[in-house]
Amino acid sequence: MRLTTEEYKALEDIVGAEYITQDPVILESYCQVWGNKLEFGDKRHHPPAAVLQPASTEEIQAIVRFCNKAGILFKPSARAFEYVATYLARERGILLELKRMNRILEIDPVNMHAVVEPFVTMYQLLDAAGKQGFYVGKPGVGYSAAVISLACCHQEMTISQLYTSGYGRNVLGCEWVLPTGDVLNLGTANREDGWFSGDGPGFSLRGILRGRAGANGGHGVITKCSVKLYPWYADSPTQFELKRAPGEAISAAQIEKVPDNYRVNVLTFPDTESMMRAAQDIGQSEIACIVAPAYLNTGFHEEGNDEQWAKMMASPPDPYQIARTVPVFVNGHSTRELEYRERAVMAAMEKWGGHLDPAWNTEKIKAQIFMYQIWSTGVQLRATGDFMLSTQGLDGSLESQLRYRTVEFQAYREDPELRVTAWRMRRDHPVWRAEPNPAHRAVVDLERSGRLVAVVTQNIDGLHQRAGSDPSRVLELRGTVHETECLGCGWLAPTREVLARVEAGEPDPPCPDCGGILKVATVSPGQALDPDVLHAAVTAVQDSELLLAVGTSLTESSVAARQAEAYHKAVYMLAPRFAEEIDRELDRQREETP
Amino acid sequence: MAWQDFEHDTQRCTRCSYCHYIPWRYIKDFDYMQGCPSVARYHWHAFAAGGKFNLSYSLMQGAIEIDDSFLDVLYKCMMDGSCDIACKVQQDLEPLQHMQELRIECVDQGYLMPQHQPFLRSLRNEDNMMLKPRAERGDWAAGLDVKRVTQESAEVVYFAGCRYSYDQELWPTAQAGVKLLQQAGVDVGILGADEACCAGRAYELGYEGELTKFAEHHADTLKTVGAKVLVTPCSDCYGTFKVLYDKIGKKLGVEVYHITQYLEKLIQEGKLQPKKPLDLKVTYHDPCHLGRLGEPWIHWEGKEYKPKGMQIWLHDPPKKYRRGVNGVYDPPRNIIKSIPGIELVEMYRTREYAWCCGAGGGVIDAYPDFAQWTGAERLKEARAVGAEAIVSACPWCKRNFLNSAEQTGDDIKILDIIELVQESI
């Protein structure tokens with residue numbers, strides 16, 4: 001929906017004619033992000049009514065105030081790489097692309113922090129900080145991501161979290177244009193004492209600012225942010241000398257050795273369990289700067305997918321070895337510190353029966369691993385050809401990768417062996433033994449108090465219904481494991497009946513009506529969400545005043561959460577362990593309710 | 001491939017914005033991180049290659065139609081290929097080919113840019129894109145003692161190209177190229193008034209048929225005159241002869257060299273000896289059509305597929321991507337280094353990551369202000385690294401830099417590499 005001429009003019013007066021557009025052609029490049037396909041079934045969603053590129057906090061405040069007055073939705077966006085970065089819930093909404101606010105305002109080497117504007121990327125900060133002896137961690141999503149997006153707005157992590165902490169925890173205050181248009185400074189910035197502390201004097205609202213998953217632009221606009229910097233004991237990674245032969249692809253460019261004040265050891269263990277135990281010991285002792293699963297660390301990607309595949313086929317990686325191998329990085333001010341830390345790593349390795357496989361511990365491979373982890377400018381899971389989904393193998397284990405494969409829809413349809421494995425895993429799945437917990441029961445209480453619009457869940461376990469929730473109010477976005485359907489004719493039956501056939505010796509039971517393939521009625525990767533359920537969920541969020549996020553970090557794509565963000569709904573996250581407290585709070589509220 | 005064949009690319013573009021910049025690893029100075037002049041100048045993502053993928057998908061969806069605004073976004077682009085190189089660091093996509101096919105589609109559907117039409121008429125009627133009569137094409141060589149290959153055979157045909165043939169200010173350079181070859185004892189001749197446009201620029205504008213027509217014409221001409229080797233001082237012509245004719249299956253049937261490749265060989269063989277010291281600090285500007293776009297074409301036909309149960313897109317047969325690394329980068333640098341006294345300083349964006357001069361893709365004709373802005377950005381970069389002169393190897397670069405300098409009042413020296421060698425011999 002277009003803005004009225006007067007509305008457009010008012011916004012144009014704020015940013016200037018060059019920095020606002022409602023050209024329908026240009027707007028099409030602000031409504032297509034890959035997450036839309038996951039969430040809404042199509043990469044393209046409705047375009048914004050206009051895109052603006054404000055240059056200052058004051059301009060943003062003026063825009064926000066005008067939008068509030070005129071009933072126009074607004075959403076900030078920096079690099080727009082985040083997977084629903086440009087999604088607006090209503091067509092009468094505008095995007096603020098913050099590319100003109102792209103300065104690093106301060107690098108404070110004494111208090112070890114940097115103050116940046118919204119369009120500054122992690123790479124830009126790494127470069128500036130690296131030249132002064134600091135490190136910022138490598139974002140899993142790649143260096144294109146903006147510092148503020150990672151720190152304040154979106155769930156993000158880094159492989160060096162042991163050492164550089166998670167980005168959400170590195171915020172030392174920020175300048176925040178609230179959805180009202182007022183500016184709130186968090187931490188010491190509020191007293192104009194500098195940006196060295198996020199915890200006062202002044203508000204420390206970092207929990208609300210981002211929570212765990214981030215509000216993705218739904219909570220106003222962060223216009224400046226101070227983030228912590230961590231010591232770096234080598235030349236700045238952006239200044240590394242890369243060597244590649246003439247004619248080689250740039251992906252082939254490498255450093256020749258690990259810098260002097262760093263050590264990399266690739267530890268291999270008898271099994272995954274002992275590898276995880278050793279990693280845990282190393283992590284808890286706080287001696288290492290990076291401990292990461294081998295499959296993330298050893299991505300010596302060839303220049304393209306075909307080359308990569310050819311290499312894998314010529315010399316297939318041993319998945320069993322990868323699943324029990326972990327590269328560990330240590331660093332130190334001095335040789336003594338470095339050696340001490342390395343000895344501690346070796347002690348943990350020996351304790352759990354590990355060894356250094358010579359093939360994985362050459363200078364060259366260690367240098368490659370170092371570069372890929374510290375600084376490779378690709379995304380962690382290289383986007384080329386969708387090589388791996390981020391949902392694949394989250395714990396790095398072979399088992400989880402196999403599990404993922406068994407539920408990938410296309411593979412399930414095509415591969416009888418995968419179906420046999422899937423039915424066996426379903427039979428043994430803990431879901432059949434699961435019981436509703438206090439959180440499920442608290443939701444039932446809430447419903448009985450008459451305040452619940454709906455339960456929107458990505459769970460497939462049916463525990464809300466078992467706890468007593470009205471089934472018509474439970475919207476199961478990802479379907480249910482309790483029913484099984486035929487992919488051919490739509491035949492439907494309780495899953496327990498089909499599992500009984502598996503138990504009786506049918507490893508991949510066919511449809512009794514048409515002989516087609518049976519699958520539990522869940523939405524697998526590669527399958528679209530049920531549009532009716534999706535629509536009902538979106539409507540429910542729109543109809544409610546408050547969204548309670550119970551027992552979820554919202555880190556997976558939650559439609560309800562995205563909607564809430566887009567509508568500026570209040571979102572409260574309640575971890576499962578707080579369920580009993582909810583119970584008590586609800587009791588208290590019930591008592592107070594006349 | 002037609003533009004619709006890139007639908008999968010439109011879906012796989014993750015909006016990482018690599019197409020806006022030079023690859024992170026190769027950024028040397030953040031004031032010079034931009035790779036795409038279009039999005040740098042016009043701000044909006046639609047102007048970048050990723051935005052063009054979006055526009056295509058919207059066209060397929062019927063959400064928009066080709067209109068003046070669409071053409072404006074599509075043609076405010078030099079087709080310089082910076083986006084293509086940066087994208088392929090991260091993804092196996094073909095942003096440049098996609099934009100090329102979109103332009104071809106616009107022309108096929110009759111959506112023509114009015115600004116281009118005089119140049120196309122000039123091409124069709126006068127065999128050049130310079131709005132000049134065919135009869136004047138050979139004037140640049142008036143008084144030059146060189147064979148006309150239509151009259152007497154020569155081993156090497158020196159192909160001047162439209163810009164050198166008609167841009168009088170650049171004639172001395174075009175002539176110097178011939179003289180250097182003659183000095184080295186090369187049996188060289190020119191086509192003179194019988195030379196015609198390579199049609200590379202017309203192809204970039206979307207006029208596919210013109211490329212085929214002129215490719216066939218040139219193959220016939222060169223066969224008739226019995227040429228074995230073609231040397232051109234124009235990078236646009238080089239890219240067209242070497243890459244585009246091959247792409248459409250119309251190879252010329254002669255060896256094609258850019259003059260920098262040929263001069264480098266002559267210097268290495270001792271047939272040319274730059275002796276006179278030049279006390280000058282220069283920087284070298286890589287012309288797009290000689291550098292990243294000068295990489296030989298790689299033919300591929302096949303299908304995309306995902307191996308069973310795997311999340312990886314592959315090609316059958318395997319597809320080799322043009323990632324810009326095999327362009328012509330070292331010969332011009334080697335020539336400069338062979339000149340005594342001269343100091344070569346590199347700019348922040350070089351080789352496959354070079355910033356465009358601003359002339360390409362028809363921008364110099366349709367959007368001269370944008371072309372000059374782009375050129376001025378490059379001159380600023382040359383200044384920033386302390387160069388007294390910016391040296392290129394293409395008359396289009398030189399022309400556009402001259403225009404930019406005139407507009408901004410920049411007095412940096414703007415030279416072609418031929419002039420440097422001539423000065424030093």
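In which loop of chain B is the place of B:P317? Select B:P317 to begin: this residue of the predicted model belongs to the loop between β8 and α14 (330-338) of chain B. The peptide bond that joins B:D316 to B:P317 is cis, and its omega is near -5 degrees.

**The side of chain B that touches chain A**

Display both chains next. Here 52 residues of chain A are in contact with 42 residues of chain B. On the chain B side, at least two residues each are supplied by α3 (49-61), α4 (68-75), α5 (82-90) and β8 (314-316). Of these elements, α3(B) gives the largest share, six residues. Colouring this side of chain B by class shows 20 nonpolar, 16 polar and six charged residues.

**Two residues with positive phi**

Select B:D127, in the loop between α7 (117-126) and β1 (147-148) of chain B. B:D127 is not a glycine, yet its phi is positive, about 60 degrees. Is B:D127 buried or exposed? With 20 other C-beta atoms within 10 Å, B:D127 is buried.

**The open sheet of chain A**

Remain in chain A and select the four strands that form an open sheet, in the order β13-β14-β12-β15, with antiparallel pairing. The edges are β13 (290-291) and β15 (355-356) of chain A; each has a single partner strand, so one side of each is left without a neighbour in the sheet.

Select β12 (residues 262-268) and β14 (residues 325-331) of chain A, which pair in the antiparallel sense over seven bridges. Within this part of the sheet, A:V266 has A:P327 of β14(A) as its bridge partner.

Helix α14 (residues 363-374) of chain A lies across β12, β13 and β14 of chain A, at about 105 degrees to β12(A).

**Confidence in chain A**

Finally, colour chain A by pLDDT: the mean is 80, and 81% of its residues reach 70 or more. Select residues 378-406 of chain A, where the pLDDT is below 50. Residues 553-582 of chain A also have pLDDT under 50. Where pLDDT is low, the predicted coordinates should not be read in detail.

Terms used. Residues are numbered from 1 along each chain as its sequence is written. Chains are lettered from A and ligands numbered from 1 in the order in which they are written. This is a predicted model: local features need pLDDT of at least 70, side-chain atom pairs count only at pLDDT 80 or more; totals for chains, interfaces and linings use all residues. Two residues are in contact if their C-beta atoms, placed from the backbone, lie within 7 Å. Ala, Val, Leu, Ile, Met, Phe, Trp, Tyr, Cys and Pro count as nonpolar, Asp, Glu, Lys and Arg as charged, and the others, Gly among them, as polar. pLDDT is the predictor's confidence in each residue, from 0 to 100. A residue is buried if 20 or more other C-beta atoms lie within 10 Å of its own, exposed if 12 or fewer, and partly exposed in between; C-beta atoms are placed from the backbone. Two strands pair if DSSP finds at least two bridges between them. Axes are lines fitted to C-alpha atoms, for helices over the stretch in contact, and angles run from 0 to 180 degrees between N-to-C directions.
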